[in-house]
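Open the model in a viewer and keep a selection panel at hand. The stops below go from the whole chain to single residues.

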Amino acid sequence: MTVRLTVAQALVRFLAAQHTERDGERRRLIGATWGIFGHGNVAGLGQALVEHAGAMPFHQGRNEQAMVHAAVGYARQCDRLSTHAVTTSIGPGATNLVTGAALATVNHLPVLLLPGDVFAARPADPVLQQLEVPYAGDVSVNDTLRPVSRYFDRITRPEQLIPGALQAMRVLTDPVETGAVTLALPQDVQAEAYDWPEAFFAERVWAVRRPGADPAELAEAVRAVRRARRPLVIAGGGVHHSRAEESLAEFAAATGIPVASTQAGKGSLRHDHPQDVGGVGHTGTATADELARTADLVIGVGTRYTDFTTASGTLFGNPDVRFLNLNIASFDSHKLAGLPLVADARSGLGELTEALGRLGHRVAASYVAEYTEDKERWEQRVDACLEADEPDVRPTQPQVIGALDALADESDIIVAAAGSLPGDLHKLWRTRSRDQYHLEYGYSCMGYEIPAAIGVKLAAPGRNVWALVGDGTYLMMPTEIVTAVQEGVAIKVLLVQNHGYASIGGLSEAVGAERFGTAYRHRAADGAFTGAPLPVDLAANAASLGMRVLRARTVRDLRSALAEARSADTPTCVYVETETSDTVSGAPEAQAWWDVPVAETAARSSAVKARELYERHVSTRRRHL
């Protein structure tokens, strides 16, 4: 039996029938579709989404990149078991997807991209928004999505949709391969009718695997753990994707091994778990970084070992250090010349805990006492940063974090991605639940926070979702505030005004570039951007987009505004200008280095001094073999 539908109609009907299943939990794979329509998709997918409106929910976006961020936020909150599709027109609508696609693929988060494409039949050549390539007739701007997609296909004939769509679903649901998936859809093909086999639209369930460890690799891992005197676990985002938090807690409690976390892995243990020692690496805690420097075995669980985590290859200083990498991806399990333990994080941790438990293995009590005391000292430093003794003054950024930290409970979710906030949050935020801390730091994409918060809120409608945004990242992409207002998605935006790129400004100063081009200020007489702050009113901007805005001028105002926003059932923004002078206390400085190359030759003394310091740090880098 067949049914006659257009390609776009068939695709929508197919997507509505796809599901995932893991541990007995079944989820719809494509929960909704985001779209901005133009001539490349309005008559194809636009018509199909109207035709099948009851089967496929639709969200109207304002920026193509932002739609991808919203879909990615939704997917992460759903532990990658469900995601959204995104459709755009050809030309700039399609190329605007590239940044969002790169973010999804870097972070191993599934999203389905359905950009329109130029005519397959080429009735007119070129058509509006077509890229002409003299050496190739089959290239379009959509080819920019190839390197940032885990799977790419261009559907130039209706019958190609069947294998293409099935391959797309395979990749989206593969815990190793997942990321952005692109099905480029020429606008004429979208509207073309075809007789489809009814079996194509049958409900299909994609099982998400939980592979266990190879017995030989597991045995070698057990031997490595038993030999270690100063082991340290580094928990990455794979712990969350696998829902392995309870298994990690059991492993840590049974063995006494301390657990540090990457940005993606923070919250793998609650902040008050005895074995949790906080963030690790350049933005990590003093406790975790000192343990990393002296560790003789680093047990990476679901981590990619980015340069922030390894302090650009300078953090793990013990001459005898070795690495044991539990990861579902073989590629990541072999990093740093480590012992591979290729398995799902939850399965592998359970097997490792059981094997060590049979042998009665636990680290020395003196080691537990050492990191416990260090953790207590660090917590005292955090208290000093977060607390505000004078409630009627302008808050520092750590005090802004502290005000929200004091108000939040385990149901709150914070979303951040770029600027100085991620560094402060990694050190200072006290995570209370497995999914409270939503930091996109694989791509650290400015503009991610607000649309991602919408996606998170759609996945967790009963919870308070906070987008923590600096003025720099706000100006990149405030557009989806309109979407939140339109659909009544009651996100909370905490907008921190510090008049520029604070994070890069500090980095610029450290590397001898003297904060050039990082402040949002008028030009001074010498042409530099050192004049008065720009007279922008971001709070008024947010209000003009339909958001309720609460202005906070002091710590006292901030506490009140945050409490009011938290109880609001409409999209609400809390706007606060922070104290940024050199005389006030900020977050603790970086506890580990990060490699940003400094000019090897320069006339200005700031750069010369920065280069001298850079060379001292570089000399401590090592290759782990």
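What radius of gyration does the protein chain have, and what would a compact globule with 625 residues have? The protein chain has 25 Å, which agrees with the value near 25 Å for a compact globule of 625 residues. The radius is taken over C-alpha atoms, and the globule rule is 2.2 Å times the number of residues to the power 0.38.

This is a predicted model, in which local features need pLDDT of at least 70 and side-chain atom pairs count only at pLDDT 80 or more, while totals for chains, interfaces and linings use all residues. Residues are numbered from 1 along each chain as its sequence is written, and side-chain values use heavy atoms, with hydrogens and water left out.

**Whole chain**

Start with the C-alpha trace, which spans about 70 × 70 × 55 Å along its principal axes. Switch to a cartoon: the chain has 24 helices and 23 strands (DSSP runs numbered from the N terminus, helices being H or I with at least four residues and strands E with at least two). Next, colour by accessibility. Of the 625 residues, 57% count as buried (buried is under 20% relative accessible area, exposed over 50%, partly exposed in between, with a 1.4 Å probe and protein chains only). The accessible surface comes to about 24,700 Å², and 52% of that belongs to carbon and sulfur atoms (Shrake-Rupley method, 1.4 Å probe; for residues, only the protein chains shown count as cover). Among contacts with a separation of 6 or more, 76% are between residues 24 or more positions apart (contact means heavy atoms within 4.5 Å).

**Salt bridges**

Show the charged side chains. There are 41 salt bridges (a side-chain nitrogen of Lys or Arg within 4 Å of a carboxyl oxygen of Asp or Glu).

Select Arg-154 and Asp-117, whose side chains meet in a salt bridge at 2.7 Å, N to O. Arg-154 is in strand E8 (residues 151-154) and Asp-117 in strand E7 (residues 111-117), so this pair, 37 residues apart, links distant parts of the chain. Both Arg-154 and Asp-117 are buried.

Move to Arg-209, which forms a salt bridge with Asp-174, with the closest N and O atoms 3.3 Å apart. Arg-209 sits in the loop between strand E11 (204-207) and helix H8 (215-227), and Asp-174 in the loop between helix H6 (161-172) and strand E9 (180-186), 35 residues apart.

Then select Arg-566 and Asp-412, joined by a salt bridge of 2.7 Å, N to O. Arg-566 lies in helix H23 (residues 555-566) and Asp-412 in the loop between helix H16 (397-407) and strand E18 (413-416), so the pair ties together parts 154 residues apart in sequence. Asp-412 is buried, at 1% relative accessibility.

**Helix H5 and the residue after it**

Select helix H5 (residues 98-106), where Gly-100, Ala-101, Ala-102, Leu-103, Ala-104 and Thr-105 are buried. The buried residues of H5 pack against helix H3 (64-77), E7 and E9. Just after H5 comes His-108, with a positive phi of about 55 degrees. His-108 is in the loop between H5 and E7 and is partly exposed, with a relative accessible area of 25%.

**Other backbone stops**

Most residues other than glycine have a negative phi, and most peptide bonds are trans. Asp-23 has a positive phi near 55 degrees; Asp-23 lies in the loop between strand E2 (18-22) and strand E3 (25-28) and is partly exposed at 48%. The peptide bond from Asp-125 to Pro-126 is cis, with omega near 10 degrees, and Pro-126 is in the loop between E7 and E8.

**Two buried residues**

Select Gly-279 in strand E14 (residues 276-279). Gly-279 is buried, at 0% relative accessibility. Ala-260 is 19 residues from Gly-279 in sequence and 5.5 Å away, C-alpha to C-alpha. Leaving aside neighbours within four places in sequence, Gly-279 contacts Ser-261, Gly-284, Thr-285, Ala-288 and His-426.

End at His-499, in the loop between strand E21 (492-497) and helix H21 (502-510). Which residues does His-499 touch, not counting those up to four places away in sequence? They are Asp-471, Ala-519, Tyr-520, Pro-533 and Glu-577. His-499 is buried, with a relative accessible area of 18%.
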